[in-house]
Each structure stands twice: as structure tokens, then as C-alpha cells.
Amino acid sequence: MVNNIVLRGDTKIGNVGAETDDEFLFKCFIDHPALSEIKDLNNSKMFFLGSTGIGKTAILRMIKHQAKDSIDLELTEMSLRSISNSSAISFLLQLDIDISLFLQALWKRVILVEYAKVFFKMNKTESKQNLFQRFTSNWRNVKTEQILKEFLETNEDSFWETTDKTVIDVTQKLETDLSAEFGAEVAKAQGKLSYARSLGEERKTQYQERAKKYVNSDLLTQLARVTSALAEESRDSRQSFFILIDKIDEPWVDEKLKNILVHSLFEACKSLRKIRNMKVVVALRNDVYEKMNADFPASAFQMEKNEDFIARIKWTKDELYSLVDKRINHLFRYKYTATDVHFGDVFKDNYDNKSKTFSYMLERTLNRPRDLIKFVNFCFEVSEGKSEISKNNFSTAEGLYSIDRRDALVHEWHHFSRPSSVY
């Protein structure tokens, strides 16, 4: 062993979750090609696709770390469950009405409000009057001024509140409009799967025609004008704005609505590409995307076109070796020595007289950074007091790693195989 180090039981090359891995993530990041694609505003790629542990959250965090004007759109804080619990949404779904256009409009409104906040440098201490005075002399033309002033007035409260205010306002307006149109019928549909059958076909058809106007494309047409106006207003801006969306695989909304919401988000994000200095970046697990396409035929129809917007995260052997080697070097330089320490300094060349050690380890992973970080951490954990990983230590660590990965895969596949459903 060249370097005078002693391994400790708590020696690690980082945490497996990017959310808690600041020490290693930002100092040892491997510049993955997907990051360059996503950060390029002229590149249409905006959806990260990959399996659990492949590095989606890490890349999103690097964008936020590197880009000054970026916003995390926290799904769990958006009150999207208000949609699941909405009697109006239940009523529309019972009538077999496609609500995807309404949900696209909801996503667009949320995103445009968040973009406007940072682009116009709004803050909670500024009044609406001051805001309008600040921009009166700067609008490019009368048409743009009219559209954006109307947008700012309509969403006035949302600019000074949290994101969930926008979602709640839109949902409540739909509740109010439908209740005014249908009265107590809206409440009757809540939680009653037999409601639509009780109406009869003729009455159901009548209700469908009357209800469609509340989820038709007029909502998107209005926001399309706002999008164009914002694109016009920001066309000479040299700032780059990123809206970051992660954790779509987590339980932020009921499964029965999830695929419709994900599909609507997908379509909404694509339609916002007109604003050239902004990009919405979404991390999607492979199975979430596949379920969206399987359960929502309209999305599957667009699969080939969707590829223009998707960056699939894959790692080469050399990239993964660099990731591990860089973390090992940072760990020991930071804690033990000023001398460089590399993978080959703590691991033997091979442990089975056949395969190179790193190749052997890689074969026992799914080519994911999380797996390799886990494997190396187990090796260090069982080698406390040693200066390198012995054959017995490596064998023990492999056993612990295998049990851990088996349990993790069982959990992953149990989660993936749960049936998803839409109304």
C-alpha cells in the first residue's frame, strides 16, 4: 500500500441518495453527456429517463448548483392531491370526459407563474401597482403588454404565494363553475363508481356536452398567448432559467390520476419550448414513462416524436470507473493524506485470479452509480483497521452487498408491478 491510510468502519465514498450527498456530488461529479444536452437551451432534450439509482437526481442537483436561476418545483408541495379529492374532477371522469387538456393548462399555468416570478424578479414586498409601473415603459408592444398585464392580474395572488396556491385556485374555480352548471350532481359523483350508470345514456350524453366546455382547448389557447408574449418579452435575455421537476415516482398523487397527470406534464413542457431562455427539466423513471404510454393511448401514439425530448441516462465502464476513482481520491485526500489515492491503491488487481476487480464489481451491478457506491462502501465497512481490501474482506463485502441489492430489487420490482389504473 503506497499511502499511509487506515480504513475506518464509517469510511464511505458518499451516500447512495443524491439529496444527501453534497460532500461528494459537487466535488466529484462526472460530467455525463446527458447534463450537457439538458443544459443546452437550444437542445430539445428536457426529460431524463433512467432506472432507479442511475443518477437522475444527481444531474438535476448539478443543474441547480451550476445555474443561478433555477427553481425546484416540489410535487409534494403543490397540493395536487386536491385534484384527486376534487368532486369536479370525479364528476368529469365519471362522464368519461378527457381531462388531459385541463391538466395541461394547469401545469402550464403553474410553470409560467414560476417563470414569471424569476424573470420579472418579483418579490413578496412589491405591490402589484409597483410591479406594473416597473414594466410599463419596457413592454415591447401594446399587444404583449395587454396579454401579460392580464396574466399578471389574473394570477396576482399566486405570485406572492407558494405554488400550491395556483393549483388550489384552478381546482376551486373548476368546482365553482361545474357546481353552478350542474348543482348537486357534482357532489353526487364523488366516490360513486355507479354514478354514470345511474344517469342513463341520454342524460349522460347531455351532461358530457355541457361539461366539455370547462376542459376544452380554450384554456390552453389563452395560455398559448401568454407563452408567446413571454417568449417575445424575453427573446433578448441572456439569462438561462430552469424549472426542475423530480420525484415523479413518489406518492405525490393518487395512482388512479398519476398517468394522466404525467402525460399532461409531458405535453405541457413540450409546448413551452417557445420561451427560448427557459427549459423545464423533468426526471422520469423508465417504468413511469412506460406506464404512461401503456395506460394513456394518446401518449403512446406520440412515442416516436417524444424521443426528440428524451435524454436516456446510460453509463459506460470508463465513466463509472472515473466516478468511483474520483470519489476514493477525494475521500482520502480530504480525510487522511495530501497524496493522491486511487482505486488500485485500496483494491487488489483481482480477487479471483480471473477478472479485474472493477470489472468483477461492475458485472454484479446494473451499471448504476448507486450500486457501485454501495459495493465500495461495504468493502470499506468490513475492512476497518486495514490499509487495503483483502480477499476475505472483499468476499464478505460482496455477500453483504448481494443481500442489500436483492432486497432493493425486490422492493423496486414490487413497486413497479403494482397495477396502475385510471378512471
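Analyst: Helix α14 gives the largest share of the lining of the second largest pocket, 6 residues. The model is predicted. This pocket holds about 640 Å³ of space. Its lining counts 23 residues, and those nearest the centre are R109, T154, L219, Q222 and L223. Besides α14 (218-233), the elements giving two or more residues are α6, α8 (142-154) and α10 (163-182). By type, the lining divides into 11 nonpolar, 5 polar and 7 charged residues.

Now the largest pocket. About 760 Å³ of space lies there. It has 39 lining residues, with V16, T52, G53, T57 and R370 closest to the centre. Two or more residues come from each of several elements, among them α1 (22-25), α3 (56-66), β4 (278-285) and α19 (317-335). The largest share, 6 residues, belongs to α23. The lining splits into 18 nonpolar, 9 polar and 12 charged residues.

The largest nonpolar core has 82 residues, and F47, I248, V280 and L284 have the most contacts inside it. Helix α6 (residues 100-119) gives the most to this core, with 12 residues. Leaving out residues up to four places away in sequence, V280 touches M46, I111, I243, I245, C269 and L272. Another core, of 54 residues, lies apart from the largest one; F24, I328, F378 and Y401 are among its members.

Terms used. Residues numbered from 1 in each chain as written. Predicted model: local features only at pLDDT ≥ 70, side-chain atom pairs only at ≥ 80, totals over all residues. Heavy atoms only, no water. Core = buried A, V, L, I, M, F, W, Y, C linked by side-chain atoms within 4.5 Å. Buried < 20%, exposed > 50% of the residue type's maximum accessible area, 1.4 Å probe, protein only. Helix = DSSP H or I, 4+ residues; strand = E, 2+ residues; numbered from the N terminus. Contact = heavy atoms within 4.5 Å. 1 Å grid on protein atoms, 1.4 Å probe; cavity = no way out; pocket = protein on both sides within 12 Å on 5 of 7 lines; lining within 4 Å. Points joined across faces, edges and corners; volume = space filled by probe spheres on them. Nonpolar A, V, L, I, M, F, W, Y, C, P; charged D, E, K, R; others polar.
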